[in-house]
Amino acid sequence: MENSTEIVSFVLAAYGNVGEFKYLYFIIMLVWYLSICAANIVLIVVIYVDKRLHEPMYILLCNLFVNEIGGSTSLYPLMLSQMFSDTHEVTLPWCFLQMCYIYTCASVEFCSLAAMAYDRYVAICDPLHYSVIMNTGRVCIIILIVWMYSFVNCIFSFSLVIRLRFCGNVIDKVFCHHHLVIKLACSASVLNQMSDLLFAFMTIVIPFTFISVSYMKILAVCLKTCKENKQKAVSTCTPQIVSLSNLFVGAIFHIIIDSRLDVPNVPDKVRIILSMYLLLCQPMITPFMYGFNLPKIKESCKRYLFNRK
């Protein structure tokens, strides 16, 4: 079916008419966004300044903190600008740019956790060769591969979407959503319709499999060691397992339940909040779970932020 009018913008209908509450929502979102940036920037600066933290694990954490800022920036600036918009329109190029930005950061998040799981596997299962296997140069190469893999994955997935012609322009979200954009197409092939699931497989399933294998091997080694080593291994790996579980549940809701299943009796406001769950909570959870919670980073923060003359 040919569309008589070319679609040049999408309408983000989930904003609705917030009325006078837009000022309150704007302040809350702005404070939350600035808090996310501040928490992650503090940790990045501390790791950069303190040479004792120039170790593989902390370099990988620094990469994760950078990604949290990037992921937040993919959502909040546009969302803040839409608070004062009457039409809630976003042009196609900006919509595609936001989708690519969000999904690249999501891929980097999972791949970074996979890299950190490998780091913990080497540290616990092969400690004598850890400094050789996970040296600074190799960690930098791993980080580069993570970003290149995520970017190429994203570009391939969105190359199937960007050429589509659209017969509708209303997206019932507060941000541009891959699957919902495809549903607005005048016609889409099976490959187009499955492109978000293909992206999810490359972004979530492959890293998750790698992480699972790493932790299974860590568990097998821990069961053979003394109680003290078991506790040390558990304390080291627990934050990553909790973070991964949080990401996995949020991703399943975002990709499958919210996009492809029509779940009845769910209030619109609850659905909107849950659809943004990963971008709302994860960027703030990460710096506290991985950063301020770790003894070395906590000690460095106290030294540089409070005791510096």
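This is a predicted model: local features need pLDDT of at least 70, side-chain atom pairs count only at pLDDT 80 or more; totals for chains, interfaces and linings use all residues.
Residues are numbered from 1 along each chain as its sequence is written, local features need pLDDT of at least 70, side-chain atom pairs count only at pLDDT 80 or more, and totals for chains, interfaces and linings use all residues. Side-chain values use heavy atoms, with hydrogens and water left out.

Strands of a sheet pair through backbone hydrogen bonds, either parallel or antiparallel. Strands are DSSP runs of E, at least two residues long, and helices are runs of H or I of at least four, numbered from the N terminus; two strands pair if DSSP finds at least two bridges between them. Strand β1 (residues 9–12) pairs with β2 in the antiparallel sense over 3 bridges, and F10 has V90 in β2 as its bridge partner.

A disulfide is a covalent bond between the sulfur atoms of two cysteines. Counting pairs of cysteine sulfur atoms within 2.5 Å, the model has 2 disulfides. In one, the sulfur atoms of C95 and C176 are 2.1 Å apart. This pair links distant parts of the chain, 81 residues apart: C95 lies in helix α4, and C176 in the loop between β3 and α7 (178–183). C95 is buried, at 0% relative accessible area, where buried means under 20%, exposed over 50% and partly exposed in between (1.4 Å probe, protein chains only). The other disulfide joins C167 to C186, S to S 1.9 Å. The S-S torsion of C167 and C186 is about 110°, so this disulfide is right-handed.
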